[in-house]
Amino acid sequence: MINNSAIQFKYNALYKPNQLICGTGQTAIVTGWSVKQTIAKHLPSDNYAVIGNLYSPTRGISFLIRNLLANPYVRRLVILNATKEDKNAGGCQCLLDFFTHGFTEGKSDTGRDCWVIKSPITGYIDIEISATALEILRQNIEVKEAKTITEAVDLVNSYSTKETLEPWGEPLIFPEVEVTPTVLPGHRYGHRIEGKTIAETWVKIIHRIKTTGTIRPTGYDGKWQELIDLMAVVTDEPENFYFPEPNYLPIDRTFLEEYISQILDDSPYREGVKYTYGQRLRSWFGKDQIEQVINKLIGEIDAASAVMSLWDVQDHDKGGSPCLNHIWVRVVENELTLTATLRSNDMYMAWPANAMGLRALQKHIRDEIAKRSDYDLQMGPLITISQSAHIYSDCWQHTDLIIQKHYQKIINTEQQTYYDPVGNFLIEIQDDNIVVTRTTPGSGEIVACYLGKDPLRLSREICADSPAIQANHAVYLGIELQKAWLAIRDGLNYVQDR
Ligand SMILES: O=c1ccn([C@H]2C[C@H](O)[C@@H](COP(=O)(O)O)O2)c(=O)[nH]1
């Protein structure tokens with residue numbers, strides 16, 4: 001025991017320094033999803049060593065443990081496990097289980113060797129950290145769970161009246177293994193990705209970002225790969241949601257149920273708890289915007305102003321502003337479409353939940369309109385526009401694995417339908433000329449005709465007229481035009497697709 005209780009410790013934040021509030025005491029506080037500043041403002045800084053969030057058991061715990069190992073004088077840990085989000089994410093529970101039950105050697109989802117926490121919630125610790133070091137932490141840190149902010153504050157204050165404890169040893173620092181992806185050239189601004197289901201669209205999105213996104217600093221002491229303004233169009237998500245079997249999405253049905261309520265239902269303001277989308281939509285601005293949109297469309301079904309806004313101008317002054325900012329609902333040929341704009345979107349971890357939650361909102365609006373009026377609309381596509389569409393570096397390995405397993409299969413199935421919204425092209429030879437007839441994709445009506453001998457010139461003309469032609473369709477056309485040209489040159493018969 002050290003007798004000088006006025007001793008001040010300097011917290012060495014090796015990882016995520018900008019995300020932590022550092023003090024000079026011996027107690028670390030993990031606030032889960034609660035806003036860390038709310039706790040800090042109730043405590044003098046010499047009562048705590050550090051205050052930080054823990055959002056995810058698979059991504060956050062390793063950093064936290066590495067920092068604790070670098071600061072051996074931290075002898076007490078208070079874990080605030082207070083909100084619905086904490087229950088959903090399971091990070092705080094998993095961290096508690098690390099201290100209570102320990103860990104075993106295992107593999108992560110991507111097959112990487114790691115320590116797996118003995119917990120019903122999946123949580124990983126980097127294998128580069130030695131088991132001995134992890135045991136030292138487990139033996140030398142006193143851990144307490146708090147269920148409310150007040151309980152956490154009282155616990156920390158009561159610790160500060162106790163005597164100062166000796167550090168458990170010298171700081172321990174372990175190497176890190178970094179994965180650097182190869183980035184292929186591609187568009188940086190503005191992408192359109194379409195898929196039938198959220199799951200399928202998600203695989204295409206993560207493929208696009210992972211192969212062509214720019215690697216940049218995140219603003220959270222890390223890196224992400226990013227594309228700017230990525231529009232995803234989901235055309236046929238079924239009513240009860242499609243979850244692949246086995247489920248490769250980062251969420252399951254139990255999580256989704258909770259999450260949908262965060263979008264559809266109001267929730268009262270609570271100190272330390274961030275906005276919820278439901279609260280912003282239902283009550284934050286003194287109006288229920290979901291009701292407003294339902295009533296607006298019933299009154300004027302063609303309205304182009306069925307807008308819901310989630311951004312508050314005050315958000316510039318506070319941290320933790322909403323990522324989902326603008327929702328627009330529009331009826332197009334008896335279909336109800338919903339377009340949502342997100343200023344910042346974690347496309348690996350958050351987009352599937354965001355998209356499913358928005359789809360539930362779209363369905364709710366459709367159903368309410370049907371209940372209260374004569375409009376029985378179909379469900380149209382769900383469209384999301386993600387302005388910063390990113391994947392954090394600690395998800396890159398997982399992302400690669402999902403792409404490897406599922407991307408090509410999805411593309412193959414799509415290509416086999418031979419469907420292109422720009423239409424079909426029929427190729428024939430007439431009097432030593434190549435004749436290309438363009439028809440609509442549905443009824444096959446003729447919309448354009450091209451005639452010539454030069455396959456390259458014809459391809460260019462066709463592509464200039466339909467710049468949105470699908471890449472595989474354009475390549476196919478090129479091959480057929482060349483075959484037609486060869487047939488003319490060699491005096492052979494030409495039949496398309498033979
Ligand atoms: O519904 C949500 C909420 C958050 N995020 C992600 C986007 C960012 O990666 C991070 C929020 O960071 P800030 O932009 O608020 O700092 O969380 C989403 O993707 N969807």
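Predicted model: local features only at pLDDT ≥ 70, side-chain atom pairs only at ≥ 80, totals over all residues.
**View 1. What kinds of residues make up the shell around the ligand?**

View 2. Zoom in on H390, and you'll find a polar atom of its side chain 2.7 Å from an oxygen atom of the ligand. The side chain of N345 has an N or O atom 2.9 Å from a ligand oxygen. For N354, the distance from a side-chain N or O atom to an oxygen of the ligand is 2.9 Å. How much of the ligand does the protein bury? On its own the ligand would expose 460 Å², and the protein buries 76% of that.

**View 3. Helix 12, end to end.** Helix 12 covers residues 396–415, which is 20 residues. At 1.5 Å a residue it should span 28 Å, and its end C-alpha atoms sit 27 Å apart, so the two values agree. Look for a bend of about 40 degrees at I403.

**View 4. The buried residues of helix 12.** Tucked away here are W396, H398, T399, I402, I403, H406, Y407, I410 and I411, which are buried. Why look at the spacing along a helix? An α-helix has 3.6 residues a turn, so residues three or four places apart point the same way.

How values were computed:
Residues numbered from 1 in each chain as written. Heavy atoms only, no water. Polar contact = N/O pair within 3.5 Å; in protein donor to acceptor, adjacent residues only side chain to side chain. Areas by Shrake-Rupley, 256 points an atom, 1.4 Å probe, with all protein chains shown as cover. Helix = DSSP H or I, 4+ residues; strand = E, 2+ residues; numbered from the N terminus. Expected span 1.5 Å × (residues − 1). Bend = angle between axes of the 7 residues up to and from the residue. Buried < 20%, exposed > 50% of the residue type's maximum accessible area, 1.4 Å probe, protein only.
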